[in-house]
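Let's walk through this one together, from the overall numbers down to how the pieces pack. Have the viewer open and follow along.

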Amino acid sequence: MSGGAMEAAHARRVGRRAATDTPALMELWLASWRATYADIDFDARLEWFKARLAALETGGALTLCLYEGAPTFLAGFVVIHPETGWLDQLCVHPNCFGAGAARALIEAARQASPDGIRLDVNADNTRARRFYEREGFSLVGAGAISCSGRATVVLEWRPNCPADGK
Ligand SMILES: CC(C)(COP(=O)(O)OP(=O)(O)OC[C@H]1O[C@@H](n2cnc3c(N)ncnc32)[C@H](O)[C@@H]1OP(=O)(O)O)[C@@H](O)C(=O)NCCC(=O)NCCS
């Protein structure tokens, strides 16, 4: 592969989601959660997720997509509300786990919400918790019980604080 072709294969871009991204985004949501909790039937929750995403976007949240490669594919997405700083969804395709995609998306979320970010995450989602800890998020306290009946914790990132992972 030539140098230019290699660069194109590794190209990465974050942008607002387009309507044409919807099928890939739904597939990605399913794949990333199936890889995380094999015991949960996420197909049964897909309609819930579609309604959730629509409600978040209507309420002002941004869905930012990470596109990679040539030809381009969807590697992950984050849903962040720029005014409240609430991060509701962060998903990376399992083929891209451990490759910096989540970091690129959290960077985009920080740019969209530079005063801070809050989220909740299942307490037993160790991979996500490790990621957020590495990215400078701190534990704020217990969150609500999730749809699957799991305990959640609330995490927060603030700029220029000692735990800032940047
Ligand atoms: C959470 C998510 C976005 C993180 O993306 P990622 O590419 O997997 O993240 P990274 O690989 O950069 O970081 C994960 C960290 O957890 C570590 N890790 C991997 N598996 C782990 C496990 N089973 N237990 C604990 N830590 C684990 C990794 O080694 C890495 O830490 P390190 O960089 O210090 O070595 C992605 O895993 C995902 O989409 N998960 C499903 C959806 C989800 O959980 N979203 C977040 C809910 S709010």
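Start with burial: of the 166 residues in the protein chain, 27% are buried. Keep in mind that you're looking at a predicted model. If you like to think in boxes, the C-alpha atoms fill one of roughly 50 × 40 × 30 Å along the principal axes.

Now for contacts along the sequence. Take the contacts in the protein chain with a separation of 6 or more: 59% of them come from residues 24 or more positions apart.

On to secondary structure. The protein chain has five helices and seven strands, and if you trace them along the sequence you get α-β-α-α-β-β-β-α-β-α-β-β.

Four strands form an open sheet, in the order S1-S2-S3-S4 with antiparallel pairing. At the edges sit strand S1 (12-16) and strand S4 (87-92), each pairing on one side only. From one strand to the next, the twist averages 20°.

Zoom in on the S1 end of the sheet. S1 runs antiparallel to strand S2 (residues 62-68), and five bridges join the two. To find your way around there, look for Arg16, which stands opposite Leu64 in S2.

What packs on this sheet? Helix H2 (residues 22-36) does, touching strand S3 (73-80) and S4. The direction of H2 makes about 85° with that of S3.

Methods: Residues numbered from 1 in each chain as written. Predicted model: local features only at pLDDT ≥ 70, side-chain atom pairs only at ≥ 80, totals over all residues. Buried ≥ 20, exposed ≤ 12 C-beta atoms within 10 Å, placed from the backbone. Contact = placed C-beta atoms within 7 Å. Pairing = 2+ DSSP bridges. Axes fitted to C-alpha atoms, helices over the stretch in contact; angles between N-to-C directions.
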